[in-house]
Amino acid sequence: MEASKAETALPENRPTRSEQEFQDLLRRLELALDASRIGVWEHSIATSEILWDAQMHRLYETGETCREVPAWLWSNAIHPDDREQAEYDFDQAIATRGAYNSQFRIVLPSGEIRHLRSRAHFYVDAEGLPSFIGAEWDVTADVLLNAELAGQKMVAEARALALEESNARIEHVADHDYLTGLPNRRLLDKRLAELPADRSITTLGVLHLDLDQFKQINDSHGHAAGDAVLRAAALRITAAIPANGMVARVGGDEFVIVLVNFSDLAELKLITDDLQRRLRKKIRFGQEMLQSGASIGVSWSGDRRARNLLAESDLALYQAKKLGRNRVEFFTRQLQEDLRAKRRLAEELKLGLERGEIVPYYQVQLDARTREVIGFEALARWKHPEKGVLAPGIFLKIADEHGLAAEIDAAILKNVLEDRLFWLLQGFAVPRIAVNISASRLADPTLLGKLRKLDIPPDVIVFELVETIFLDDSDEKLLDHIGDIKQMGIDIEIDDFGSGHASLIGLVKLRPKRLKIDRQLIAEVVSSAEQRRVVGSIVEIAKALDVEVIAEGIETEAHAVVLAQLGCDGLQGYAFGYPAPAAETARLFSPMANGIEKQKAAVGGTAR
Ligand code: C2E
Ligand code: MG
Ligand code: MG
């Protein structure tokens, strides 16, 4: 197109200009070219004759001025990397008799690089020979500027990318568990919130999974072993669930799995069985083989509403653990009912505490040798407005789960102090009274302040701490706390001694005033020589540490006799009296109430 335009642009019968006009035009053109630093060249294709003007020589820094130049002058000057393309461009222009348009680098004699732009038109010269006339100019500055801009753009893009990546990393860290790399609770909640909007979901299942034996592995093999178990579990769970499922680590050894679009309950069961099988396999840790297992709670629904599935599967898990671990339990309405009932009970208990329905019953403790009253244990009872008097077995666990255990302890202590005052005012000599104290109350940093406000005289109140509180013998703070309590004149007793572990450590560290041997150890002492030896050893150790011993759960006179023989200092049990309300307890303080026969008569017939 351009070529034909160029050809027709030079009509033969153009009106001739005057010589003067022509000279003017030529000078102006030269001036303009000079000012613009554009070099002009001509290339006759037929003769291969090449003509350069002075500016061309300047552009190429040839140091020459000759008008005709050899072909190699141009091609030799071109940067070797650009030469092929530049020559190709020109050959193309010749072949098509079209416009020539190229850009290339030349290497100046000084070695410096210069970028040139070259454009030319095909035309037929006066002699009718095909030629090109072209212009060439220096575009180095533009090229360098463009290169710099491109460089800056690249840097900016790289920065943006890096920022995006680090944002993604931060997001990932916030949403994932560092140890296993699995999604965490936060991401799980996000996904669960998105599910209802996902119309592709037909069935939805939530599995709550808890590793069995994890705490033991952690305690006995160390945290590194625990970490290894968690990582292995994460991999195994991921391998066991379908690709469209999701698993999150939501707590120490707890995982939640979300499954979608499984066909039916049978498929769900296959997956849970597979999970259990994989998680039961041993894990190599250094030289050792560790074995864990899984308890799984499942809840599922035939649509995508996940509203309660998480809570329901948690409840099913709780049930699985309660029924002996290493098993799968499915959520049922019955479970839900139980949960509701428990919640209701917790609510009622809160109210009951406010209304003063939690009161102490008192169980007598006797000197093992003289059978004189040496003290009482205050045991919590709930005087429920409809259900009657409830024992702690019914409400203590729920209280613990709802953070009410400490309040119960406080209510009992307050009542005990009031009862004691009342008895004193009536002229009774009241022996020491033991109250039970829960782990949560003991851990309460404000406990000492609260106790001080009660103005408890020294040596009238004893705290019974269950042995399990001292499993973590490294808790120095707790020991300090207990030291302060002793300072207030409140003796410490270890309750249910022999029912748990680490008894001896607790004993040595804590230096209690007394320990109470668990009634399960007592039960067989009459019939079993071995049990007698066990109890005998406990007594011996206690004596060596200057700790008194009370035997709990004495149900028969035979028990009382054996335990006295074994060296126990005190005895407590149904044989001497059931826990009884304050009003009935007062009778035991009467001056006549000395000796076991009279005491038995006094408390006999009291309901448990
Ligand atoms: P515990 O402190 O070991 O109390 C002894 C339990 O054994 C009492 O059960 C008592 O009624 C029962 N018992 C007493 N003599 C005999 C006997 O001869 N045979 C049998 N089989 N049992 C006997 P209770 O009152 O049901 O209390 C159960 C547990 O609840 C207590 O065990 C104690 O750990 C806890 N508890 C009771 N009151 C409180 C409280 O105010 N605060 C806290 N934190 N825990 C309490
Ligand atoms: Mg007790
Ligand atoms: Mg006990």
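User: How far apart are the magnesium ion (ligand 2) and the magnesium ion (ligand 3), and which residue coordinates both?

Analyst: This is a predicted model, so the values below are computed from predicted coordinates. The two ions, ligand 2 and ligand 3, are 4.0 Å apart. The residue that coordinates both is aspartate 495.

User: Which residues coordinate the magnesium ion (ligand 2)?

Analyst: The donor residues of ligand 2 follow the spacing E-x58-N-x27-E-x30-D in sequence. Their coordinating atoms are at 1.9 to 2.2 Å from the ion. The residues are Glu377 (OE), Asn436 (OD1), Glu464 (OE) and Asp495 (OD).

User: How many residues apart are glutamate 377 and aspartate 495?

Analyst: Among the donors of the magnesium ion (ligand 2) are Glu377 and Asp495. Glutamate 377 is in strand S15 (residues 373–384) and aspartate 495 is in strand S19 (residues 491–497), so the pair links distant parts of the chain. The two are 118 residues apart.

User: Is glutamate 377 buried or exposed, and what about aspartate 495?

Analyst: A residue counts as buried under 20% relative accessible area and as exposed over 50%. Glutamate 377 falls in the buried class, and aspartate 495 does too. For both residues the term is buried.

User: Where in the chain do aspartate 496 and glutamate 552 lie, and how many residues apart are they?

Analyst: Aspartate 496 is in strand S19, while glutamate 552 is in the loop between strand S21 (548–551) and helix H21 (557–565). This pair, too, links distant parts of the chain, being 56 residues apart.

User: Which residues come nearest to ligand 1?

Analyst: There are 22 residues around ligand 1. Aspartate 495, which bridges the two magnesium ions, is one of those that come nearest to ligand 1.

User: What percentage of the area of ligand 1 does the protein bury?

Analyst: A nitrogen atom of ligand 1 is 2.9 Å from an N or O atom in the side chain of glutamine 363. Oxygen atoms of ligand 1 are 2.9 Å from an N or O atom in the side chain of glutamate 377 and 3.2 Å from a polar side-chain atom of glutamate 552. Taken alone, ligand 1 exposes 790 Å², and the share buried by the protein is 85%.

User: How many disulfides are there?

Analyst: A disulfide needs two cysteine sulfur atoms within 2.5 Å. Among the cysteines, cysteine 66 is partly exposed at 34% relative accessibility, and cysteine 568 is buried with a relative accessible area of 5%. By the sulfur distance rule, the count of disulfides is zero.

User: Which backbone oxygen does the side chain of arginine 249 reach at 3.0 Å?

Analyst: Arginine 249 is in strand S8 (residues 246–251) and is buried, with a relative accessible area of 14%. A polar atom of the arginine 249 side chain lies 3.3 Å from the backbone oxygen of glycine 251. The backbone oxygen reached at 3.0 Å is that of glycine 252.

User: What is the phi of glutamine 213?

Analyst: Most residues other than glycine have a negative phi. Glutamine 213 lies in the loop between strand S7 (204–212) and helix H8 (214–221) and is partly exposed, with a relative accessible area of 40%. Glutamine 213 is not a glycine, yet its phi is positive, at about 70°.

How values were computed
Residues are numbered from 1 along each chain as its sequence is written. Chains are lettered from A and ligands numbered from 1 in the order in which they are written. This is a predicted model: local features need pLDDT of at least 70, side-chain atom pairs count only at pLDDT 80 or more; totals for chains, interfaces and linings use all residues. Side-chain values use heavy atoms; hydrogens and water are left out. Donors are N, O and S atoms within 2.8 Å of the metal (3.2 Å for Na, K and Ca); water is not among the atoms, so sites may look incomplete. Helices (H or I, at least four residues) and strands (E, at least two) are DSSP runs, numbered from the N terminus. Buried means under 20% relative accessible area, exposed over 50%, partly exposed in between (1.4 Å probe, protein chains only). A residue is near a molecule or strand if one of its heavy atoms lies within 4 Å of it. A polar contact is a pair of N or O atoms within 3.5 Å; within protein, one must be able to donate a hydrogen and the other to accept it, and residues adjacent in sequence count only if both atoms are side-chain atoms. Accessible areas come from the Shrake-Rupley method with a 1.4 Å probe; for residues, only the protein chains shown count as cover.
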